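Q: I would like to learn how to read strand pairing and ring contacts in a model. Can we work through a case?

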Amino acid sequence: MQQYTPAPKDDAAVVGRMKELASENRRYGYLRLHAMLRREGLAANRKRTDLLSTEEGLQVRTKKRRKLPRRDRVAPQVPERPMQRWSLDFVSDQLADCRRFRVLNIIDDHSRFCPGQIVDVSISGARVARFLDDLALLHGLPEEIVLDNGPEGTSRAMFDWSERTGVRLRFIEPGKPWQNGTAESLNGKFRDECLNEHWFTSLIQAREVIADWRRDFNEVRPH
């Protein structure tokens with residue numbers, strides 16, 4: 001009789017690199033780790049990566065969400081190309097001395113590129129307009145921008161900026177944040193992977209850490 005004897009696989013290199021990536025990106029699940037390993041030529045089977053991740057205890061624990069009744073939602077128009085639409089939204093956090101600060105996140109709805117972020121204690125509409133002018137010199141401007149009905153977006157400075165540049169301002173309906181879903185998704189990843197992972201001692205440190213996270217989001221992170 002002949003009996004098949006499975007040959008053991010040497011996954012030491014894959015496991016070692018997976019641990020390094022997981023330690024650098026603590027909120028990355030096995031799918032993103034697999035994408036990065038495949039990019040380096042170390043993994044080809046997604047299920048194998050999942051198995052090794054489970055054996056090494058690298059799973060990312062997520063909070064269970066409370067189930068909500070089904071509701072009708074307005075389906076947004078999907079952008080067909082980069083620079084067609086940007087989304088803006090704010091996130092707040094606090095420093096070690098309990099001072100609050102805010103972050104303005106900006107993302108291209110098609111390419112998922114984050115052209116920039118403002119990190120400051122106070123962010124006015126005029127500050128947002130000046131920052132968009134700075135981004136125009138580096139990346140250009142989109143055809144339209146989606147934002148909520150906060151005082152920054154509805155300020156006179158933003159309406160004057162829109163008239164001057166020709167960029168349309170699109171406001172979501174009050175109480176319907178899912179109409180700005182791309183920015184909300186970015187906010188969730190940003191809070192989970194950056195804000196919740198660091199204890200900022202100063203605004204300068206917060207700006208440096210957030211800038212590093214944005215570079216990783218744009219250049220390294222699998223989308």
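A: Start with one bridge in this predicted model. S87 has V146, in strand β4, as its bridge partner.

Q: Which strand is joined to β4 by three bridges, and how do the two run?

A: Strand β1 (residues 85-94) is joined to β4 by three bridges, and the two run parallel.

Q: In which sense do β4 and β5 pair, and over how many bridges?

A: β4 and β5 pair in the parallel sense, over four bridges. Within this pairing, L147 stands opposite F171 in β5.

Q: What is the handedness of the β-α-β unit that β4, α5 and β5 make?

A: β4, α5 and β5 make a right-handed β-α-β unit.

Q: How should I read the two faces of strand β4?

A: In a regular strand, side chains alternate between the two faces of the sheet. In β4 (residues 144-147), E144 and V146 are on one side, and I145 and L147 are on the other.

Q: How many aromatic pairs does the structure hold?

A: The structure holds four aromatic pairs. One of them is formed by F159 and F171, with 6.0 Å from centre to centre and 40 degrees between the planes.

Q: Why does the pair of F159 and F171 tie together separate parts?

A: F159 lies in helix α5 (residues 156-165) and F171 in strand β5 (residues 168-171), so the contact links parts 12 residues apart in sequence.

Q: Are F159 and F171 buried, or are they partly exposed?

A: F159 is partly exposed, at 37% relative accessibility. F171 is partly exposed too, with a relative accessible area of 30%.

Q: What is the geometry of the pair W213 and F217?

A: W213 and F217 are stacked, 5.1 Å from centre to centre with 25 degrees between the planes. The two residues are four apart in helix α7 (residues 203-219), so about one helical turn separates them. W213 is buried, and F217 is buried as well.

Q: Which residues form one aromatic cluster?

A: F190, W213 and F217 form one aromatic cluster.

Q: Where do the charged ends of R32 and R102 sit?

A: The charged end of R32 sits over the ring of Y28, 5.6 Å from the ring's centre. For R102, the charged end sits over the ring of F90, 4.2 Å from the centre of that ring.

How values were computed. Residues are numbered from 1 along each chain as its sequence is written. This is a predicted model: local features need pLDDT of at least 70, side-chain atom pairs count only at pLDDT 80 or more; totals for chains, interfaces and linings use all residues. Side-chain values use heavy atoms; hydrogens and water are left out. Rings of Phe, Tyr and Trp (its six-membered ring) pair if their centres lie within 6.5 Å; planes under 30 degrees apart count as stacked, over 60 as edge-to-face and the rest as tilted. Buried means under 20% relative accessible area, exposed over 50%, partly exposed in between (1.4 Å probe, protein chains only). A charge sits over a ring if NZ of Lys or CZ of Arg is within 6 Å of the ring centre and within 35 degrees of the ring normal. Two strands pair if DSSP finds at least two bridges between them. A crossover is right-handed if, with the strands pointing away from the viewer, the path from the first strand over the helix to the second runs clockwise.
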